[in-house]
Amino acid sequence: MAVILRHAAAAAALLAVAAVCAGGASTFYSSDPNLGSARVVFQTNYGDIEFGFFPHVAPKTVEHIFKLVRLGCYNTNHIFRVDKGFVVQVAAVVGGRTAPMNEVQKREADKTIVGEFSSVKHVRGILSMGRHSDPDSGGSSFSFLLGDAPHLDGQYAVFGRVTKGDDTLRKLERLPTRREGIFVMPIERIDILSTYYYDIDIESCEAEKSILRRRLSESASEVERWRRKCFA
């Protein structure tokens, strides 16, 4: 009987995990209701930077940047600005990449996005869109905040935050720089060698479901052995 109960418990656990997977991101991000489940990783020559998006805060910005990522537009791009305590800024992909872009990439990279300004504060780890004087001129350049910047609040679109890689940002802050006008720039190029993306809901749930399926299979085998022994 105990074996059967364990088998039933394993089956119930598998159903519970499936329900969590279907339940959406809020199950996992109660500490940050703005953060969705998509994750992007920029692999630089100084380490990785992983970030997530705020789809309910800046939906058009998130859609645009995530599409650029999915098209591979940030591969071979670079970080052109490192202003310690302020920002690390990713270059616009048009002109920033070393590899040529195909026509699909060019069409998306040439788009500009309406300024989606919000009440979310500019603090360390926040992702903020770059733009020109026109508030609706955001394209593909954006910044990782290295500190509090209240003067940017409500003026630049916040659309995500860093989830892993603060150690990489700290490495970048220690690099030698030079000033060119208003920009503080690294002396040597900081390459974004490659990028990839994934969904943590799918990844984590699939891993848990795999473990529970194995346990369920083992439990089923144990039940069958017990049944044969009892009714032999």
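Visitor: Leaving aside its neighbours within four places in sequence, which residues is A38 in contact with?

Guide: Apart from those neighbours, A38 is in contact with F51, G52, F53, F66, Y198 and D199; contact means heavy atoms within 4.5 Å. This is a predicted model, in which local features need pLDDT of at least 70, side-chain atom pairs count only at pLDDT 80 or more, and totals for chains, interfaces and linings use all residues. Residues are numbered from 1 along each chain as its sequence is written, and side-chain values use heavy atoms, with hydrogens and water left out.

Visitor: Why is A38 called buried?

Guide: Buried means under 20% relative accessible area, exposed means over 50%, and partly exposed is in between, with a 1.4 Å probe and protein chains only. A38 has a relative accessible area of 16%, so it counts as buried. Its place is in strand β1. Of the 232 residues of the protein chain, 44% count as buried.

Visitor: Why are β1 and β10 said to pair?

Guide: Two strands pair if DSSP finds at least two bridges between them. Strand β1 (residues 38-44) and strand β10 (residues 190-199) have 7 bridges, in the antiparallel sense, so they pass that test. In this pairing, T44 stands opposite I192 in β10.

Visitor: Which strands close into a barrel, and in what order?

Guide: There are 8 of them, in the order β1-β2-β7-β5-β6-β4-β3-β10, with antiparallel pairing. From one strand to the next, the twist averages 35°. Angles run from 0 to 180 degrees between N-to-C directions, and axes are lines fitted to C-alpha atoms, for helices over the stretch in contact. Helix α5 (residues 166-173) lies across β1, β2, β3, β4, β6, β7 and β10, and runs at about 120° to β2.

Visitor: What do β8 and β9 form?

Guide: Strands β8 and β9 form a hairpin with 2 residues between them. They run antiparallel and are joined by 4 bridges, with T177 opposite P186 in β9. In the turn, G181 has a positive phi of about 65°.

Visitor: What span is expected for helix α2, and what span does it reach?

Guide: The expected span is 1.5 Å times one less than the number of residues. Helix α2 (residues 59-70) has 12 residues and reaches 16 Å from its first C-alpha to its last, close to the expected 16 Å. Buried residues of α2 include V62, I65, F66 and L68. After α2 comes G72, with a positive phi near 80°.

Visitor: Why is the pair of F142 and F144 called edge-to-face?

Guide: Rings of Phe, Tyr and Trp (its six-membered ring) pair if their centres lie within 6.5 Å; planes under 30 degrees apart count as stacked, over 60 as edge-to-face, and the rest as tilted. The centres of F142 and F144 are 5.4 Å apart and their planes stand at 75°, so the pair is edge-to-face. F142 and F159 also have centres 5.4 Å apart, with planes at 85°, so this pair is edge-to-face too. F142 in strand β6 and F159 in strand β7 are 17 residues apart, and their pair links distant parts of the chain. F142 is buried at 0% relative accessible area, as is F159 at 0%. The whole structure has 13 aromatic pairs.

Visitor: What makes R70 count as sitting over the ring of F66?

Guide: A charge sits over a ring if NZ of Lys or CZ of Arg is within 6 Å of the ring centre and within 35 degrees of the ring normal. The charged end of R70 is 4.7 Å from the centre of the F66 ring, and sits over it. R131 lies over the face of Y156, at 4.4 Å from the ring centre.

Visitor: Why is T76 called partly exposed?

Guide: T76 has a relative accessible area of 22%, so it falls in the partly exposed class. This residue is found in the loop between α2 and β3. Most residues other than glycine have a negative phi. T76 has a positive phi, near 70°.
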